[in-house]
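Here are my notes for you on this structure.

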Amino acid sequence: MAVVVMAAEPRAEILSARGLTKVYGAGATEVRALDGVDFTLARGEILALLGPSGSGKSTLLNILGGLDTPTTGTLHHGAQELTRATDDELTRFRRDHVGFVFQFYNLVPSLTARENVQLAADLVAAPMPPEEALAVVGLGARLDHFPAQLSGGEQQRVAIARAIAKRPAMLLCDEPTGALDGKTGRLVLEALLAVNQRFGTATAIITHNAVIGAMADRVVTMRDGRIASERVNPSRTPPAALDW
Amino acid sequence: MRAIDRKLLRDLGRMRGQVITIALVLAAGVAATVTLTGTYRALGAARDDYYAAQDFPDLFVHVERAPDAVAARLATIPGVATVTPRLVEPLAAWMPGQARPATGTALSLPDDGSLRGLVLRLGRGPDPTRADEVVVLDSFATAHHLAPDDRLEVVMAGRRHRLRVTGTVLSPEYVFPVAAGVVNPSGVVVVWMPRPALAARTGADGSWNDATFTLVRGADQRAVIAAIDRALEPWGGLGAYGRDQQLSHRFVSQELEQLEVLATRVPVVFLLVAAFLLNVVLGRLIQLQREQLAVLRALGYTKAAIARHVGAFAAVIVLGGGAVGVAGGVALGRAMTQLYVRFFHFPELTFHLEADLIGLALAVSAAATLAGALAAMRRVLRLVPAEAMRTPSPARYRKGVLGLRPVARLAGPLGRMIVRELERKPLAMALSVVGVGFALAIVIIGRFSRDSLDVLLDDVMARSMREDVAVVLAKPAPIGELGWFAHAPGVLAAEPAHAVPVRLTGPRGYRDVVVTGLRPGDHLRQVLDGRGARVPIPRDGLLVSEILARRLGLAVGDRVRVERRDGDHRQLVLPIAATVDDRLGMQAYLELDALAAALGEAPQLSEVLMTIDHRQRDRLMATLAEVPAVVQVIEVSSFRDAFAAQSGDSMTFFTWLVVSLGVVIAVGVVYNNARVALSERARDLATLRVLGYRRGEVAVVLIGQLAIQVAVAVPIGLWLGWALASALMSASDPEQYRFPVVISAQTYGFAALVIGGAALATAALVRRRLDRLDLNDALKARD
Ligand SMILES: Nc1ncnc2c1ncn2[C@@H]1O[C@H](COP(=O)(O)OP(=O)(O)OP(=O)(O)O)[C@@H](O)[C@H]1O
Ligand SMILES: [Mg+2]
């Protein structure tokens with residue numbers, strides 16, 4: 001069976017974390033946002049991260065992407081231990097390997113769509129041309145619009161274009177469709193899938209929408225700062241076929 | 001172009017209002033530095049160069065009459081480099097259209113026939129073979145349109161003389177033309193002619209009555225003076241004195257001293273205030289960009305790259321503001337220097353831009369700006385990027401830090417928003433308040449010198465010199481002569497004063513001053529203390545200015561050595577009966593009879609103080625002009641006017657300069673505060689609008705915040721203004737007269753109005769922006 005085949009041939013790990021904890025505050029107001037998480041992200045896979053609000057999804061993703069550091073635990077990128085990396089090394093890691101898509105887009109308002117993508121492209125030696133990255137997400141016609149002139153879904157797709165322009169090995173997306181309607185959400189997911197298929201980019205997607213799990217290779221569910229369950233899909237459902 | 005550079009340009013463009021006003025704050029600081037320091041240096045250099053080029057004498061002495069041979073002996077005194085004996089004769093000239101004659105001096109030229117020590121402006125020097133040729137002081141010639149070949153009629157040694165002008169000259173002894181209490185160039189006449197010609201007209205052949213000295217470097221001036229005085233005692237020497245007693249030099253130096261205080265202190269205040277404001281305002285501006293900077297970090301931009309980005313933003317402000325400041329400073333400096341050209345007559349007085357000045361001003365402002373920008377950036381970068389992007393999760397509002405909770409409860413939801421915002425960022429709010437306060441303080445600094453001058457004039461001129469006219473006699477006369485003056489036409493009351501030039505010596509040094517003898521019951525001359533209260537004139541000892549006692553190292557009860565300096569070199573010792581913290585400095589008083597007794601003479605008068613019937617003024621002047629014993633008639637009102645004009649002109653300029661720069665700073669601060677607040681709260685305010693609040697109500701939240709800040713800032717600023725003004729004044733301790741630290745209600749009011757005006761204009765602008773606030777944009781895009 002497919003499940004067995006997938007399990008028998010684990011793909012190479014790009015990120016692997018052991019015993020991650022993240023504690024905010026102290027004493028009575030202490031919050032354990034992560035409470036002993038073991039986690040891997042494999043090359044080329046699409047991973048859906050589900051879980052109720054406050055369960056620690058964003059915290060985990062931020063740590064994986066080197067935007068934040070865990071309280072305890074280790075995180076490896078290949079042979080490099082990111083939990084021991086200096087700030088400069090983390091910056092390098094983000095620059096060379098990670099593309100982020102944030103829930104609130106976080107585009108630079110004073111730059112056009114093309115320039116926002118270029119902002120990332122400027123950082124690497126052989127980037128994807130911004131126009132091409134925007135074409136991948138279906139925005140080839142809105143190159144010179146400023147964020148304020150774009151809809152939420154369009155802004156999110158610009159954010160994806162910006163994330164992939166560096167040709168990163170992994171794409172970390174925090175609720176990329178959270179603020180979007182079904183049709184637009186599907187467009188964004190199509191874009192992510194297209195990137196994954198064309199470039200083999202490992203893609204982690206946080207979502208509240210369990211349905212999106214169907215397009216992933218693997219679905220991880222979090223609860224109270226722990227991984228509550230993990231499921232491997234036998235096959236991926238294309239976004240167009242998702243029942244929103 | 002790299003996208004990050006494009007972002008820089010766009011940000012500069014989008015925030016141009018803020019960028020420009022911040023740059024102007026910086027420009028104001030730089031301009032103040034360049035203007036004041038540059039003008040001070042220009043004036044100092046003009047004086048020093050002039051003195052050096054013309055060998056301005058180090059010592060001066062007047063004698064009754066001395067034969068030429070004595071001069072040669074003076075030259076052998078150790079420390080004396082050169083001696084120039086000369087003839088000096090008082091003279092008066094009735095010029096067309098003048099109510100009073102111009103008074104002044106005729107001086108002999110060096111015997112070698114040169115114009116040594118003078119700078120020829122027009123024409124040529126007098127021909128030694130012609131008895132009537134003279135050169136005239138340029139300021140007088142200019143005031144009366146005298147040109148070479150014109151005639152000049154003067155009264156000298158009791159006779160009329162028709163002279164022919166061959167040229168006009170400048171003299172370092174008359175940089176500031178002053179004679180007999182007259183400071184108006186048209187009223188001060190000085191002519192130079194060959195010694196034989198002057199001697200023939202005054203009957204002083206083969207002798208001299210005045211000499212100037214230059215000293216060798218490092219000479220002991222005190223010892224030389226003592227030696228000169230000893231040598232000249234048989235010839236009626238009136239006591240040698242240094243440059244510090246030379247009238248023109250004293251005026252110029254005093255102005256320079258005041259300018260030095262302004263030039264060294266005011267720019268420091270300006271630059272520090274500007275630095276503080278740049279720091280605060282730019283810091284908040286950068287803070288606004290925290291999410292964008294976090295995104296750059298998330299994308300993989302290094303801290304160094306981000307620092308360069310922020311640094312470039314600040315650099316544009318520094319360079320732009322610096323360039324405007326330097327250009328403005330040069331223009332203002334030229335104007336201010338030009339002002340001095342009107343009453344200081346140097347051969348050359350030009351404002352020069354000096355590289356070290358620009359460097360200094362720019363370094364300070366650049367350091368301030370970059371420090372502000374980079375400190376804010378460091379705060380942003382210290383956050384892990386995840387943290388920086390955490391907004392728009394609600395900001396953490398604290399409750400009740402400032403104990404404003406009851407207020408908040410009363411104020412309704414909008415009022416509560418204002419109060420909470422103030423409470424949430426007490427530090428940012430406090431800094432803004434202090435910033436506005438400083439701007440207000442600068443406006444006060446600009447204007448308060450005017451108040452001080454008014455008080456000084458009021459104290460000194462109006463309350464302590466209550467006479468209308470002071471008549472100065474050539475020689476002290478018996479007190480009985482007062483009767484004649486009391487009955488002169490138009491005189492309402494006349495009181496005597498006996499001014500005796502003396503040298504007071506104490507343990508810490510000596511000062512040449514005048515002891516004024518006054519009668520106890522008289523009221524025209526009054527001695528006032530610092531608070532304006534009248535101090536009685538003692539009879540058992542001297543009443544001296546506190547600063548004079550301090551400089552001499554004496555206190556009440558001590559005895560002071562008094563040496564007459566009016567030809568008679570008799571020495572006596574008098575106790576100090578009292579000191580007075582007066583505004584004039586360097587004064588000494590004694591009862592008229594007691595003074596006479598101490599001097600071993602019958603009571604005398606050397607001045608007559610009178611109040612007059614102004615309708616008969618011209619008649620009185622004409623009468624006095626006929627009296628040979630009268631050498632000067634000083635009208636207090638004209639003295640006051642002249643004083644006000646001289647001090648007033650530079651002060652008006654200074655006031656105008658500092659007030660304008662203060663206004664620039666005030667507007668810059670208030671405007672930026674409001675703009676930053678607007679950016680910070682655009683989302684909240686848009687949300688309120690969406691909830692259904694009307695525009696005016698929404699504006700209240702922001703404008704209320706602004707109003708509270710300004711309201712708190714005003715009293716703080718008024719206090720800061722007073723404190724800075726005191727600090728400025730304490731820097732100078734001039735012996736001549738001391739400006740009181742007085743700030744009038746008008747100045748306080750004016751400063752508060754300026755700030756209030758800036759706040760209102762800003763409020764109107766904010767209101768307009770709020771009205772145009774695009775709800776969608778505000779809720780969608782954050783910047
Ligand atoms: N800076 C912080 N300080 C204190 N607590 C925090 C902080 N950041 C996150 N938390 C807490 O950590 C827990 C996990 O937060 P996290 O943002 O990872 O949740 P999430 O799963 O992404 O939730 P959501 O689906 O609502 O985005 C939450 O309880 C949150 O309150
Ligand atoms: Mg989250």
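The points below go from chain B as a whole to some of its parts, and then to chain A.

1. Before anything else, keep in mind that this is a predicted model. Everything below is read from that model.

2. Let's begin with chain B as a whole. Its C-alpha trace spans about 100 × 55 × 50 Å along the principal axes. The secondary structure of the chain comes to 21 helices and 22 strands. Of its 783 residues, 56% are buried. If you take the contacts in chain B with a separation of 6 or more, 81% of them are between residues 24 or more positions apart.

3. Now find helix H2 (residues 16-54) and helix H10 (residues 355-382) of chain B. How do H2(B) and H10(B) run relative to each other? They pack at an angle of about 155°, with their axes 10 Å apart. Angles over 145 degrees count as roughly antiparallel, and that is therefore the label for H2(B) and H10(B). Their crossing is right-handed.

4. Who makes that contact? From H2(B) come Leu26(B), Val30(B), Thr33(B), Val34(B), Thr37(B), Gly38(B) and Arg41(B). H10(B) brings Asp356(B), Leu357(B), Ala361(B), Leu362(B), Ser365(B) and Thr369(B). Sorted by class, the contact has six nonpolar, five polar and two charged residues.

5. Next, an open sheet in chain B: four strands in the order S2-S10-S1-S11, with antiparallel pairing. Strand S2 (80-86) and strand S11 (241-242) stand at the edges with a single partner strand each, so one side of each has no neighbour in the sheet. Inside this sheet, strand S1 (residues 59-67) and strand S10 (residues 207-215) of chain B are joined by six bridges. To see one of them, look for Leu59(B), whose bridge partner in S10(B) is Phe213(B). Helix H6 (residues 221-232) of chain B lies across S1, S2, S10 and S11, running at about 10° to S1(B).

6. Strand S6 (residues 133-137) of chain B is worth a look too. Is S6(B) mostly covered or mostly uncovered? Mostly covered: five of its five residues are buried. S6(B) runs parallel to strand S8 (residues 159-170) of chain B, with five bridges joining them. With strand S9 (residues 188-193) of chain B, S6(B) pairs in the antiparallel sense over two bridges. Val135(B) shows both pairings: its bridge partner in S8(B) is Gly167(B), and it stands opposite Trp192(B) in S9(B).

7. Finally, chain A. Four strands form an open sheet there, in the order S2-S1-S4-S5, and the pairing is antiparallel. Strand S2 (31-42) and strand S5 (80-81) of chain A are at the edges; each has a single partner strand, so one side of each is left without a neighbour in the sheet. Strand S1 (residues 13-24) and strand S4 (residues 72-77) of chain A are joined by five bridges, and Arg18(A) has Thr74(A) in S4(A) as its bridge partner. Helix H2 (residues 57-64) of chain A lies across S1, S2 and S4 of that chain, at about 55° to S2(A).

Note on methods. Residues numbered from 1 in each chain as written. Chains lettered and ligands numbered in written order. Predicted model: local features only at pLDDT ≥ 70, side-chain atom pairs only at ≥ 80, totals over all residues. Heavy atoms only, no water. Pairing = 2+ DSSP bridges. Contact = heavy atoms within 4.5 Å. Axes fitted to C-alpha atoms, helices over the stretch in contact; angles between N-to-C directions. Parallel < 35°, antiparallel > 145°, perpendicular 65-115°, else oblique. Left-handed = near helix turned anticlockwise from the far one by under 90°. Nonpolar A, V, L, I, M, F, W, Y, C, P; charged D, E, K, R; others polar. Buried < 20%, exposed > 50% of the residue type's maximum accessible area, 1.4 Å probe, protein only.
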